[in-house]
Amino acid sequence: MVREDATIDGAELYTVANALGMTDQQVRLCVRRLVADGRFTQEGRGRKTVLRATAATMRALTPDVEFVRFMFEQDRGVAAWDGYWHLVAFAIPETARPARDAMRDGIVRLGGAPIQGGLYVSANAWEPQLDTLAAELDVTDHITTFTSADLRVGQAESPRRIAARLWPLDEIAARHRRLLDFARRTLRRLRAAELDDTELLTVTIELAAEFTRAMEPDPLLPPQLLPQPWAGTKARGVVAECWSLLLAAETPTPPRLFRAYGDVIRDVADHAGRVS
């Protein structure tokens with residue numbers, strides 16, 4: 001709902017929330033929590049409200065465009081796996097327990113899977129992101145990173161067997177199949193009728209929510225490590241087609257989300273049409 005000027009229009013917020021099945025009271029409670037948490041400032045009340053994102057919120061909302069670009073490059077076979085596993089180990093003392101927990105959570109968000117206590121692995125190069133995370137938490141001296149082309153986990157030696165053991169691929173694939181079904185319905189809706197601004201924004205939010213639900217647990221493993229055909233490839237292709245149509249829609253105050261991804265969407269739109 002955040003527009004390019006960092007604001008949320010109250011009337012638009014309530015209208016879209018109602019379309020998504022929320023009551024005005026639920027919206028008011030959500031707004032109250034967001035303001036109390038310091039994520040937004042508020043001017044006015046009810047449908048005359050204008051919410052303005054704080055600087056910290058804007059930083060948190062900045063989409064990781066390069067992550068999405070890499071995702072589609074993998075789907076197209078452009079970002080090939082080099083056969084190396086990327087590992088990180090950390091031993092952060094109990095006196096820095098919050099930093100230790102935050103480091104663990106950050107590693108998992110980056111797609112890492114635990115091998116054993118304090119040792120995590122990814123199939124993708126993630127060292128710059130790990131360095132940034134460790135520096136932010138002031139634990140750089142407590143982490144070790146290394147790579148290996150000769151990884152064995154238990155009795156699993158082949159890369160595909162290792163991936164199947166470490167990541168919940170069946171669950172991730174099920175989320176992508178749900179996303180694919182939703183994206184196909186959305187694409188038909190976008191092609192069948194001209195939607196007004198509220199309908200377009202509602203569709204945008206619904207699609208973003210489904211995309212997030214599917215992508216958050218996805219480590220973006222290389223195709224060589226995944227069952228084929230992989231549900232995520234087709235799902236993301238249809239989502240990109242939806243994004244392309246939403247990006248082309250003429251709206252007076254577009255949300256930041258799809259504008260920020262504009263270059264990536266244009267890059268993959270043609271390929272997405274072939275995949276779907």
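The model is predicted, so local features need pLDDT of at least 70 and side-chain atom pairs count only at pLDDT 80 or more, while totals for chains, interfaces and linings use all residues. Residues are numbered from 1 along each chain as its sequence is written, and side-chain values use heavy atoms, with hydrogens and water left out.

**The sheet**

Helices (H or I, at least four residues) and strands (E, at least two) are DSSP runs, numbered from the N terminus. Select the four strands that form an open sheet in the order 5-6-4-7, with antiparallel pairing; two strands pair if DSSP finds at least two bridges between them. Strand 5 (113-116) and strand 7 (143-148) are the edges: each has a single partner strand, so one side of each lacks a neighbour in the sheet. On average, neighbouring strands are turned by 30 degrees against each other, direction ignored.

Next, select strand 4 (residues 85-90) and strand 6 (residues 119-122), which are antiparallel and joined by four bridges. Valine 88 has tyrosine 120 of strand 6 as its bridge partner.

**Helices on the sheet**

Contact here means heavy atoms within 4.5 Å. Axes are lines fitted to C-alpha atoms, for helices over the stretch in contact, and angles between N-to-C directions run from 0 to 180 degrees. Select helix 6 (residues 127-137), which packs on the sheet and touches strand 4 and strand 7; its direction makes about 175 degrees with that of strand 7. Then select helix 7 (residues 159-166), which lies across strand 4, strand 5 and strand 6 and runs at about 100 degrees to strand 5.

**Two helix pairs**

Select helix 8 (residues 169-192) and helix 9 (residues 197-215), whose axes come within 9 Å and cross at roughly 165 degrees. They are therefore roughly antiparallel to each other; angles under 35 degrees count as roughly parallel, over 145 as roughly antiparallel, 65 to 115 as roughly perpendicular and the rest as oblique. Residues in this contact include Leu179 and Phe182 of helix 8, and Leu200 and Val203 of helix 9.

Finally, select helix 4 (residues 65-76) and helix 10 (residues 231-248), which pack at an angle of about 125 degrees with axes 10 Å apart. This pair is therefore oblique. The contact is made by Val68, Met71, Phe72 and Asp75 of helix 4 with Thr233, Arg236, Ala240 and Trp243 of helix 10.
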